[in-house]
Every structure is written in structure tokens, then in C-alpha cells.
Amino acid sequence: MDPARRLLVRLVLALAAVLLGATGCVVVDTSPTRTGTAPEPDEPPSAGDAADPEERIAREIFDRVNDERRARDLEPVAWNEELAEVARDWSAAMAERGVLEHQDVREVLSREALSGFSGLGENIFTASGPVPAGVAHVGWMRSDGHRVNVLNPGWNRLGVGVFCAPDGSVWATQEFGRTVDADRPPVAEATPSVDPIARPEEDGPSCS
């Protein structure tokens, strides 16, 4: 990415991972109270030229997450539309206020629509200009806290929501989830190494 474009990217990466009844950056939910039915995987958004830019960026980010996971012998995450809706709504809400901040992930997890999940993890991003999807992905991968979510063996679902604001800025949210029936290792607290990044290219679809 050229220096002029790099200047567009603010210090805008943040992480939250909340699982019931625990503390720390990424923790395990041992609560027996989650009684919802685990959702089946959904189809991710289209990557085709006919799709709108926000869908194409979301799909690119989703695919890159799974490329990183496969490169490190981790099971991929499946798309979940409920998580994607949460992510889209939050990206739009942040853009409306012009503030990068996490939502109350505990409140999100308590919603009836997400009763099939035992935990959530959230990454957020913004840039002042229409940077490519790869800029957000590489930024998350180079940040210890965000990489914990991207490469966490305990997540098995993901929804991505992108909002292209009228002022040219882009806002993105990743919502990782663990279903109540997840046949995965526990959610890990260890920070994976930054290298190797399987998808280091700062390219891909953008809002423009």
C-alpha cells in the first residue's frame, strides 16, 4: 500500500471477546444455561461483480480468515447470517456516530436470536478512505488481540458486516461465534504468532 493510502488508516483496530461467566481477553464459557439450538451454517455473501461493494468486502474478509486458519491447520469457520446482521448493524451505528467502539457483547449474546451461541468475539475497523479489504485483514492479523480471534480454534461461526459511509470512510465488524454444540477445542487465550500471514496482500474489493 502506498504511503498516501496508508495515512488514511487510523489507529482503528479494537478487540472484544466475551463469553459468559469469565474474564480476560478470550475466555471459556462454562455456563450450563445456554439452551438454544445451534444454527446451521449459512451461505456467505456473493463475491461476484453483481454484488454490492459491502457484500464483496465482507466475503473477501471471510475468505481470508479461513485461508489463515487453514494455513495453520485450524478448522475453518462457517458463515452465520445472524452474526452478519449484528456486524452490519454495528458497523452502520459506528459510522453514524463517527466513533470506533465495541458494543456490549454480553447484551448481544443475550439476544434470543443468538440463543444457539455460547460465546462471541468481536473485531472492529475503520479507515477514513475506501481502502481495500486486505488492509483491514492485514491490520487485524498484525494486531495481537485481533489475531487471537481470527486464529482462535474455539470459534466455529463468523459474520462480517461492512458499511461504506457517505463521507468515504469504511467501517467493518467481525463477529465470531461458538455454537452451543461446537465440536471444537476450548476458546484459547494464547496469542498466535504473527507470521506467517497467509494473505498479506493489502488489496481486494473496496467501497469505491
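1. Ground rules. The model is predicted, so local features need pLDDT of at least 70 and side-chain atom pairs count only at pLDDT 80 or more, while totals for chains, interfaces and linings use all residues. Residues are numbered from 1 along each chain as its sequence is written, and side-chain values use heavy atoms, with hydrogens and water left out.

2. Salt bridge count. The criterion is a side-chain nitrogen of Lys or Arg within 4 Å of a carboxyl oxygen of Asp or Glu. By this rule there are 12 salt bridges.

3. Arg59 and Asp63. These two form a salt bridge, with the closest N and O atoms 3.0 Å apart. They sit four residues apart in helix 2 (residues 53-71), a separation of about one helical turn. Helices here are DSSP runs (H or I, at least four residues), strands likewise (E, at least two), and both are numbered from the N terminus. Arg59 is partly exposed at 22% relative accessible area. Asp63 is partly exposed too, at 27%. The scale is relative accessible area with a 1.4 Å probe and protein chains only: buried is under 20%, exposed is over 50%, and partly exposed lies in between.

4. Glu60 and Arg64. This salt bridge has an N to O distance of 2.9 Å. Both residues lie in helix 2, four residues apart, about one turn of the helix. Glu60 counts as buried at 18% relative accessibility. Arg64 is buried as well, at 0%.

5. Which residue does Asp203 meet in a salt bridge? The partner is Arg64, at 2.6 Å from N to O. This pair links distant parts of the chain: Asp203 is in the segment after strand 5 (170-179), Arg64 is in helix 2, and 139 residues separate them. Asp203 is partly exposed, with 38% relative accessibility. Through shared partners, salt bridges join Glu60, Arg64, Asp67, Arg70, Arg199, Glu201 and Asp203 into one network.

6. Disulfide. The test is a pair of cysteine sulfur atoms within 2.5 Å. A search of the whole structure finds one disulfide. It joins Cys164 to Cys207, with 2.0 Å from S to S. The angle about the S-S bond is -80°, and the link of Cys164 and Cys207 is left-handed. Cys164 lies in strand 4 (residues 157-164) and Cys207 in the segment after strand 5, so the pair ties together parts that are 43 residues apart in sequence. Cys164 is partly exposed at 21% relative accessibility, whereas Cys207 is buried at 18%.

7. Phe163. This residue is found in strand 4. Phe163 and Ala92 are 71 residues apart in sequence, yet their C-alpha atoms are 5.5 Å apart in space. Contact means heavy atoms within 4.5 Å. Leaving out residues up to four places away in sequence, Phe163 touches Glu54, Ser91, Ala92, Ala95, Ser169, Val170 and Trp171.

8. Cavity. On a 1 Å grid over the protein atoms alone, a cavity is a set of points where a 1.4 Å probe fits but cannot get out, and lining residues have an atom within 4 Å of a point. Grid points are joined across faces, edges and corners, and the volume is the space filled by probe spheres set on the points. The whole structure has one cavity of 30 Å³ or more. The largest cavity has a volume of about 50 Å³. Its lining is Ile57, Ile61, Phe125, Val131, Pro132, Ala133, Ala136, Val162, Val170 and Ala172. Helix 2, helix 5 (133-141) and strand 5 each supply at least two of the lining residues. By class, the lining has 10 nonpolar, no polar and no charged residues. The classes are nonpolar (Ala, Val, Leu, Ile, Met, Phe, Trp, Tyr, Cys and Pro), charged (Asp, Glu, Lys and Arg) and polar (the others, Gly among them).

9. Helix 5. How many residues of helix 5 are buried? Nine of its nine are, and the helix is mostly covered. The buried residues are Ala133, Gly134, Val135, Ala136, His137, Val138, Gly139, Trp140 and Met141. What covers them includes helix 2, strand 3 (117-127), helix 6 (144-150) and strand 5.

Key: On a 1 Å grid over the protein atoms alone, a cavity is a set of points where a 1.4 Å probe fits but cannot get out, and a pocket is an open set with protein on both sides within 12 Å along at least five of seven lines; lining residues have an atom within 4 Å of a point.
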